[in-house]
Structure formats: structure tokens, C-alpha cells
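Here are my notes for your first look at this model. Keep the viewer open and follow along point by point.

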Amino acid sequence: MTKRIRSKIARGSGELAILSLLAEERLYGFEIARQIGERTGGALQFTLASLYPLLYEMEKKGWVDGRWQPNQAGRDRRYYSLTAAGRRQLAPLRAEWKSFFVALDALAGVSHA
Amino acid sequence: MPDWNQIVRERLAAITLKIADREDVCAELAAHLEETYENSRAKGLPAQAAFERSMQEVDDWRALTREIRRTKSEDGLMNYRTKTLWLPALVTFLGASVSLMLCQFFGTQPRIVWVGHDAIWFYWPWLATLPIFGAVGACLSQRAQGPTAVRLAAGLSPALTMLTVMSLVLPFGVAIDGFHFFQLVSFGLGLVNWVAIPAFALLVGELPFLRSTT
């Protein structure tokens, strides 16, 4: 079982995680949190309290765009999609995290065996 | 099924955002909690356990309120407060003050009702202008999308200012002269003259602007 990553680290990686997911498809908040948890084997988990401030911050920066959409189940959902500015952020963020892991590996030997 | 909208609204009551933004945030967070709850129920959790599981999504609502306020407000908290409260309150206060000065400058006399040695006085020309200033304050706050309580406070600012001043003066009076019953009577009449009656006049003007708009 994957050990859950402590919240500060998870939060730091949150922007990259959300941008990566939204690069594939439009998603609403609950589904973003669910997919992050599922696809990281539970290592990264976002609660409501950690997810939405981050989404709103990214929306304010113009990286994502949230729009309400009616839902046949009866509950409207606010779907987020990646903007052009958000798409431009993705590559540098990935590169930044890659450099970070390389550096951390050199220092503390944290890469996969 | 818990009323998630109500739960979120109560816990985010202190959030100061534009009305439309606040509604959006409450609806979105309520939908998230509702889906968390339904998900837990679908996995076989009893209702109470599912409710508790949903509530664990937020361990500090006040911190979340601050975070959302910071991220959602377009121009920062101070500017929003300035537009919805401080500026309308200042306009109302200045308007009411200038109106009182003009009444005195032109020598209009108040109608005085004596209560023992103290008086309740009605400055009718001045009081007649207060609904206008109350309306201006509430209207400015409404245009900046201030919530109802903020609109109310903005329009009542002259009365609230006097209430604050008098509340500060009373302890000094007691400290200097000692406590006398007639001080309380004078204070009470002062409240009527400078707070209650003007507040009522201001409120009359504010009323059309206190209804919630989305």
C-alpha cells in the first residue's frame, strides 16, 4: 500500500497534479480529488479544504476556467478546464518537479530502486 | 439526507465575498460534501458515519473561510471592504454631518420635549434629510455587492458612530464625576437623541436597498 504523503508536500504538488488531470479532460472538484487519490494509489489525497482554495487560486491566475453545467442527476456541477495559460504552465512545472526530484535524489537517495 | 447547502452556508457565514461569488462557493462546496456523503453511503456506511466522513473533509472552517476569501476576492479584502462598507459609511456620515451643520447655520430650531431636566429633541429638518443619506449609503454598498448586514451598517454609520462615541464617553464621565443615577438617564436620552431617532430615520431610507439581490 502506498503511504499517504504529508499534506504540505501534497499541496505543493497540487498544481501540477490538477493541471495534468485537466490536460486530459474537464473535471469537477469531487472528481479531481477522486482521480488524484485513485491514480496515486492514495498517496496524494485532496480534501475539500485543500482542493478548492487551490482551484480558486489557479482560476484567479487564469490557469483553469470553472463553469457550471447542469447535470441530469439533478445536482449542477462546476467543471474546470485548462486554459491556454494553464497549458503553458504544465511543461515548466513538470520540468521543475523533475529537477527537484533529481536534486533530492542526489542529496538523499530517494529515487525508486 | 443532510441539508449540505445549509451546513456550508452556516459555516461560511463570515465570508466576505460578492454575493454571486459567495453563492457559487457555497453551492460548489455543498455539492462536494453531498457527493462525498453519497459515495460513502454507496460503500455501505451508515448515514451517521457517512455524515461524519463528509464533515472530515474540512477540519477548520475558519481557516477555509480565510483561504477562500483570499483566493476569491478580486482586489483583495481591503478593497472589497472599502467599497462595500467604509466608503458608503463615510459618504453617509459626511452627508448627515453636513446636513446638521447647515440646519444649525440657517438657525432652524429643534422641537424639544423635556423629560425632567433632560430633553429629547427633534431636529425635524435634519431628520428629514437622514433617509436620503441612509439610502445613499445602503445603495452604494449594494452596488458594490455588499451583503445585507454590511449595507445596513453602511447606511447606519452616523448613528453607529455616535453610539461608539457615547459608549466611550460614559466610562470617562463615571470615572470623573462618580456614578449618579441621572448620568444613566442623560446617557439614555443621549442614546435616544443621537442614536435611536437618527437610526430610525436612516433605516427608513435604507429599507429598499436591504433586500438580497443575486
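1. How many residues does the contact take from chain A, and how many from chain B? Before the answer, one caution: this is a predicted model, so read everything below as a description of a prediction. Chain A puts in 13 residues and chain B puts in 16 residues. On the chain A side, helix H2 (29–39), helix H3 (48–60) and strand S3 (77–82) each supply at least two residues. H3(A) gives the most to that side, with 7 residues. Sort the chain A residues that touch chain B by class and you get 6 nonpolar, 2 polar and 5 charged.

2. Now for the nonpolar cores. The largest one has 39 residues, and A:Leu55 and B:Leu29 have the most contacts inside it. Which helix gives the most to this core? That would be helix H2 of chain B (residues 19–42), with 7 residues. Have a look at B:Leu29 in particular: leaving aside its neighbours within four places in sequence, this residue is in contact with A:Leu48, A:Tyr52 and B:Val8. There is also a second, separate core of 21 residues, which includes B:Ala96, B:Leu140, B:Leu156 and B:Ala201. As background for this point, nonpolar side chains tend to be buried together in soluble globular proteins.

3. Let's take chain A as a whole. Chain A has 4 helices and 3 strands, and from the N terminus on they run α-β-α-α-β-β-α. Buried residues make up 26% of its 113 residues. If you take the contacts in chain A between residues at least 6 apart in sequence, 53% of them join residues at least 24 apart.

4. Next, find the sheet in chain A. Its 3 strands form an open sheet in the order S1-S3-S2, with antiparallel pairing. Which strands are at the edges? They are strand S1 (27–28) and strand S2 (64–69) of chain A, and each pairs on one side only. S2(A) and S3(A) run antiparallel and are joined by 6 bridges. To see one of the pairs for yourself, click on A:Gly66: its bridge partner in S3(A) is A:Tyr80.

5. Over to chain B, which has 9 helices and 2 strands. Starting at the N terminus, the order of elements is α-α-α-α-α-β-β-α-α-α-α. Of its 214 residues, 31% count as buried. Among contacts in chain B between residues at least 6 apart in sequence, 70% join residues at least 24 apart.

6. The two strands of chain B deserve a point of their own. Strand S1 (residues 111–115) and strand S2 (residues 118–122) of chain B run antiparallel, with 5 bridges between them. They form a hairpin with 2 residues between the strands, and B:Gly116 in the turn has a positive phi of about 65°. B:Val115 stands opposite B:Asp118 in S2(B), while B:Trp114 has B:Ala119 as its bridge partner there.

7. For a contrast, go to helix H7 of chain B (residues 148–155). H7(B) is mostly covered, with 6 of its 8 residues buried. The buried ones are B:Val150, B:Arg151, B:Leu152, B:Ala153, B:Ala154 and B:Gly155. Notice that an arginine, B:Arg151, is on that list.

8. Last stop: a helix pair in chain B. At what angle do helix H8 (residues 157–177) and helix H9 (residues 181–206) of chain B pack? The angle is about 170°, and the axes are 9 Å apart. Angles over 145 degrees count as roughly antiparallel, so H8(B) is roughly antiparallel to H9(B). On the H8(B) side, the residues making the contact include B:Met162, B:Leu163, B:Met166 and B:Leu170. On the H9(B) side, they include B:Phe187, B:Leu191, B:Trp194 and B:Val195. By class, this contact has 14 nonpolar, 3 polar and no charged residues. While you have the pair on screen, remember that an α-helix has 3.6 residues a turn, so residues three or four places apart point the same way.

Definitions and conventions
Residues are numbered from 1 along each chain as its sequence is written. Chains are lettered from A and ligands numbered from 1 in the order in which they are written. This is a predicted model: local features need pLDDT of at least 70, side-chain atom pairs count only at pLDDT 80 or more; totals for chains, interfaces and linings use all residues. Two residues are in contact if their C-beta atoms, placed from the backbone, lie within 7 Å. Ala, Val, Leu, Ile, Met, Phe, Trp, Tyr, Cys and Pro count as nonpolar, Asp, Glu, Lys and Arg as charged, and the others, Gly among them, as polar. A residue is buried if 20 or more other C-beta atoms lie within 10 Å of its own, exposed if 12 or fewer, and partly exposed in between; C-beta atoms are placed from the backbone. A nonpolar core is a set of buried Ala, Val, Leu, Ile, Met, Phe, Trp, Tyr and Cys residues joined through C-beta atoms within 7 Å. Two strands pair if DSSP finds at least two bridges between them. Axes are lines fitted to C-alpha atoms, for helices over the stretch in contact, and angles run from 0 to 180 degrees between N-to-C directions. Angles under 35 degrees count as roughly parallel, over 145 as roughly antiparallel, 65 to 115 as roughly perpendicular and the rest as oblique.
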